[in-house]
Every structure is written in structure tokens, then in C-alpha cells.
Amino acid sequence: MYKLSKERVLIILAICVVGIFFAIPNFIPQSVKLPSWWQPVSLGLDLQGGSNLLLQVDFDSVLKERMATIEDSVRQTLREHRIRYQSLSAEADCVRVKIDNLNARNQAMGYFRKLEEGLEVKVVDDDVIEIRYTEAALMQLKTRVMEQSIEIVRRRIDELGTKEPVIQSQGGDRIVVQLPGVQNPEEVKQLLGKTAKMSFHLVDNRTNAADARRGKLSSSSRVVQSVDGGEYVIARKTVVGGESLTDAQVSFQDGAPVVSFKFDTMGGRKFGEVTKNNIGRQLAIVLDNEVISAPTIQSAIMGGSGVITGNFTSESANELAMLLRSGALPAPLEVLEERTVGAGLGADSIRAGIVASVIGLIAVVVFMIAAYGLFGIFTTIAVFTNLFLMLGAMSIIGTTLTLPGIAGIILTIGMAVDANVLIFERMREEVKKGRSTKDAAEAGFTEAWSTILDSNLTTLVAGAVLFWFGTGPVRGFAVTLTIGILTSMFTSVTVTRLIIAAWIARYKPTKLPI
């Protein structure tokens with residue numbers, strides 16, 4: 001034990017040096033600019049202040065929109081198969097249509113079941129067919145909308161450059177957004193409140209807006225407001241959806257800012273076919289149910305890209321491009337709760353955490369030196385090394401430190417000496433049996449290893465469970481605890497062993513000072 005190979009010594013020292021090196025930024029004032037790869041541990045919302053938003057996903061609007069789409073599909077299906085019908089209407093959660101003829105009704109029900117997977121088609125009172133989603137399909141749709149909303153919120157927050165945001169679901173229809181360092185959430189609320197749902201529609205040149213308001217409107221068309229206050233009659237059918245967009249950037253055309261966009265392969269093919277077959281017609285670009293631009297198709301656009309023109313400023317063009325890049329929200333979001341945590345409160349938490357850590361550290365050091373003398377001093381060196389390695393590891397992997405995370409550090413300080421206590425007590429037992437200094441030291445490390453491993457593995461399992469099932473602060477505690485266990489195992493067994501081996505090799509003691 002006391003004759004460690006040079007390779008092993010170099011590996012231990014290298015790990016310690018690397019850990020200390022990456023821990024250094026945590027002790028450098030924030031005013032000093034550091035490279036992106038050499039940064040301190042990020043502080044969570046409860047430590048550096050910021051904004052906390054609770055968002056409600058409006059699932060009812062998604063369901064209503066789906067029912068409107070199903071209504072259009074039902075109408076088209078009935079016309080294609082020349083089935084007479086009455087009173088076709090879309091309600092909040094179902095579509096109803098009346099078909100008097102029994103054979104026609106049964107035939108139509110077969111067609112309706114094929115419209116979309118998960119539809120329940122049945123006859124209710126007075127020969128009316130009712131189409132609605134099954135409970136399983138509704139749950140699946142709700143889950144998908146939540147997942148898409150969280151992902152798009154994450155993309156939009158990332159576009160703002162907010163560091164270490166926390167974005168997670170709460171319940172079945174709510175999203176919690178925590179933004180450390182953001183003291184004014186108004187910009188974020190405006191950004192998240194926009195659905196940015198874009199689609200391309202051909203303009204119906206046969207009907208003007210005035211005739212449409214008098215009821216002279218084809219069932220395949222609808223009236224949409226324009227951002228400049230006008231109105232357009234556009235085809236209900238979407239030519240290309242915004243989900244086909246792969247990129248959107250601000251560019252300049254004749255000195256004016258415009259938004260250039262690109263489609264994926266399928267979207268580019270559709271866009272090319274539409275522009276090829278409709279030269280001379282207007283193509284309306286609809287964003288959040290408003291026409292933002294309706295250029296005339298001059299020629300076929302086969303490259304899968306195009307330009308949105310309008311009365312854009314540089315800021316509005318950049319905002320639109322950002323929204324299109326991040327994708328369309330599948331449902332509107334409503335801000336239910338908004339809280340701003342002041343940096344002063346976070347500073348108090350940090351101060352309290354530091355005081356608690358120092359008190360815990362002093363208590364551990366005093367106990368170890370009182371109980372084990374010189375070996376207690378060796379343990380103190382290992383404990384300080386462990387703290388540096390913890391901070392270094394957290395800085396390397398980009399962990400966010402929260403108040404529960406500080407609690408994890410304090411807990412780790414106490415647990416860091418557990419392994420050394422086991423080792424030293426084993427050494428005492430070996431000395432009482434009459435073994436030599438070197439043999440007792442060797443036995444202390446080798447015989448106690450299995451116990452150390454078992455005790456730390458159980459704690460690691462607990463940390464993994466907390467991380468997997470926990471959220472927010474609980475996860476922060478689990479991460480800090482796990483990192484602390486791993487670094488304490490390393491310092492307690494290898495660093496302490498290296499120090500004791502060097503001490504035995506240098507002084508060749510006849511008895512152990514414990």
C-alpha cells in the first residue's frame with residue numbers, strides 16, 4: 001500500500017489538479033470575463049433571482065380546431081361520394097351531421113372512421129351522426145400537445161440566451177418556466193404568448209371580401225383579416241404548413257428588412273408545385289390567423305425557399321424569424337402566475353448556505369483531529385480537496401446550483417469522512433492484534449473497502465431515484481449529492497491513501513498516531 005506506482009500517483013494528482021483548476025472560476029469576481037469553457041457553477045433562480053411563470057395550455061382551443069378540420073374533411077367526403085346531408089356543424093368536442101337515408105348513413109359512417117385514427121363514430125338521436133375522439137385518443141392528443149408546447153417554449157427561451165432555464169410540466173395542462181437572472185418577464189411573456197402558427201393559402205380571386213360578408217362565400221373558402229386592416233378571401237385548404245419550415249432568417253431586399261425561409265424536402269416539393277401551377281395568383285402567408293403578406297406568384301419557385309415581405313422593422317423581422325425557427329405553439333398559453341425573485345433574497349440564501357457549510361466543515365475538522373490526531377489532519381486535507389473537486393465537476397458538466405444543492409454540499413461534507421472513519425477504525429483493530437504499522441495501514445484500506453463501497457452505493461441509488469422522479473430543486477439536491485458521493489469516495493480512499501503512503505515512506509513510523 002505504501003509503495004504506490006508512479007503511474008497511479010500521477011493519475012491521482014492529475015485528477016486533483018484538473019478539479020481544482022475548474023473550481024477556480026467560482027472564486028473569481030463575476031466582473032472578470034472568462035472563456036466559455038472555464039466558467040463558474042450556474043446559480044439557480046432561488047440564488048441569483050429571476051422570474052417564475054406558470055403557464056396554462058389551452059387544450060380546448062386545440063380540440064376546437066381539430067373539430068373544425070374534421071368538419072371540413074366530413075364535408076369533402078360527403079361531396080365526393082355524393083351523399084345528401086343536413087345540419088353539418090362542428091362543436092367544442094365533436095362534429096354532428098344528419099343523414100336521413102339509412103344506407104347512406106351507414107356508408108358515411110364507414111368513411112368517417114377512416115378519416116383519422118382514434119375517432120368514435122356513432123348515431124345519436126334523430127338520425128344524427130356524432131364524431132368525436134375516444135378517451136384514449138384525447139389523452140394521447142393532450143400528451144402530445146403538452147410535449148410539443150414544452151419543447152417549443154424551450155426553443156424560444158433558448159433563443160433569448162437565458163442561461164440554465166427550468167422548463168417542466170406541472171399536472172396535465174400547465175408548464176412551469178423558471179428563468180434565473182431575468183428580472184423583467186414582460187418580454188418573455190410576449191414571446192411565449194404568440195403562437196406563431198404560419199400557413200400558406202391561395203387567395204380566392206373569384207370572391208371579394210364584401211361579397212363574402214353578404215354570405216356569397218364558397219364552403220371551400222374563408223375570410224381572414226390582414227395585418228394592415230384589410231381582408232382577404234383565402235382557400236381553407238393549406239397549401240404548405242409551417243411545420244415544413246426548416247429555417248428562417250432576416251435578410252434585406254432593396255434596403256428593407258424581409259424574412260427569408262426554407263422548407264424541408266416535402267414542403268419544398270409542395271411549394272414548387274403550387275407556384276408552378278398558379279402563376280399570376282396571389283399566395284397568402286397567414287400567421288396566427290392574420291395575412292401578413294399576399295404576394296403574386298411570378299414564376300415557379302422550385303428551390304424550397306422564399307421571402308416574406310411586409311412593413312417590417314429590423315426588430316419585428318428578427319422576432320418573426322425567431323418565432324418561425326422555434327416552431328408554432330400547438331395551443332395558446334395563458335400566464336396564470338408570475339413571480340419575480342429578487343437577487344437580494346438569493347444573496348441571503350447564498351450567505352446562509354456558506355455560513356452553514358463553514359460551520360459544518362469546522363465541526364467535522366475538529367472532530368477528526370480530536371479523534372485521530374495526525375490522521376485527522378490528513379482527512380481534513382482530503383475534505384478540502386473533495387470540496388474543490390465537487391465545484392470543479394459541477395462547473396465542468398454545467399450543473400445549476402440551487403438552495404437544496406447547497407444542502408447537498410453540506411451533507412456531503414459530513415459524509416466525506418465516513419470512509420476515513422471506517423478505515424482508521426479498522427487500522428486500530430489491526431494494531432490491537434499486534435500487526436506492524438505498514439500491515440495495519442494496508443489492512444485498514446483493503447478490508448474497509450467493501451463496506452465503503454456498499455454504503456456509498458446505497459446513497460447513489462437514493463440519489464438516482466430522487467433525480468429520476470424528482471423535479472426542479474429535488475433534482476438539484478440529487479445531482480449535488482451524487483457528485484459529492486463520487487468525489488468523496490475518490491478523496492477518502494485515494495487521496496488519503498496517497499498522503500499516508502507518503503508519510504510512511506518518509507518517516508517510517510513504528511506505530512500509527514491514531
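Q: How is the crossing of α1 and α11 handed?
A: A crossing is left-handed if the near helix is turned anticlockwise from the far one by less than a right angle, and right-handed if clockwise. The crossing of α1 and α11 is left-handed. Helices (H or I, at least four residues) and strands (E, at least two) are DSSP runs, numbered from the N terminus. This is a predicted model, in which local features need pLDDT of at least 70 and side-chain atom pairs count only at pLDDT 80 or more, while totals for chains, interfaces and linings use all residues. Residues are numbered from 1 along each chain as its sequence is written, and side-chain values use heavy atoms, with hydrogens and water left out.

Q: At what angle do α1 and α11 pack, and how far apart are their axes?
A: Axes are lines fitted to C-alpha atoms, for helices over the stretch in contact, and angles run from 0 to 180 degrees between N-to-C directions. Helix α1 (residues 6–23) packs against α11 at about 65°, and the axes are 7 Å apart.

Q: Which residues make that contact?
A: Contact means heavy atoms within 4.5 Å. From α1 come Ile-15, Cys-16, Gly-19, Ile-20, Phe-22 and Ala-23; from α11 come Thr-385, Phe-388, Leu-389, Leu-391, Gly-392, Ser-395 and Ile-396. Nine of the residues in this contact are nonpolar, four are polar and none is charged. Here Ala, Val, Leu, Ile, Met, Phe, Trp, Tyr, Cys and Pro count as nonpolar, Asp, Glu, Lys and Arg as charged, and the others, Gly among them, as polar.

Q: Is Thr-379 buried or exposed?
A: Buried means under 20% relative accessible area, exposed over 50%, and partly exposed in between (1.4 Å probe, protein chains only). Thr-379 counts as buried because its relative accessibility is 0%. Thr-379 belongs to helix α11 (residues 374–397). Leaving out residues up to four places away in sequence, Thr-379 touches Met-368, Val-417, Asn-420 and Phe-424.

Q: How many disulfides does a search of the whole structure find?
A: A disulfide is a pair of cysteine sulfur atoms within 2.5 Å. The search of the whole structure finds zero. Cys-16 is buried, at a relative accessible area of 11%, and Cys-94 is buried at 0%.

Q: How far does helix α3 reach from its first C-alpha to its last?
A: The expected span of a helix is 1.5 Å times one less than its number of residues. Helix α3 (residues 59–80) has 22 residues and reaches 32 Å, close to the 32 Å expected. Among the buried residues of α3 are Phe-59, Glu-71 and Arg-75.

Q: What separates the C-alpha atoms of Leu-179 and Gly-44?
A: Leu-179 and Gly-44 are 135 residues apart along the chain, and their C-alpha atoms are separated by 8.5 Å. Leu-179 lies in strand β8 (residues 174–180) and is buried, with a relative accessible area of 0%.
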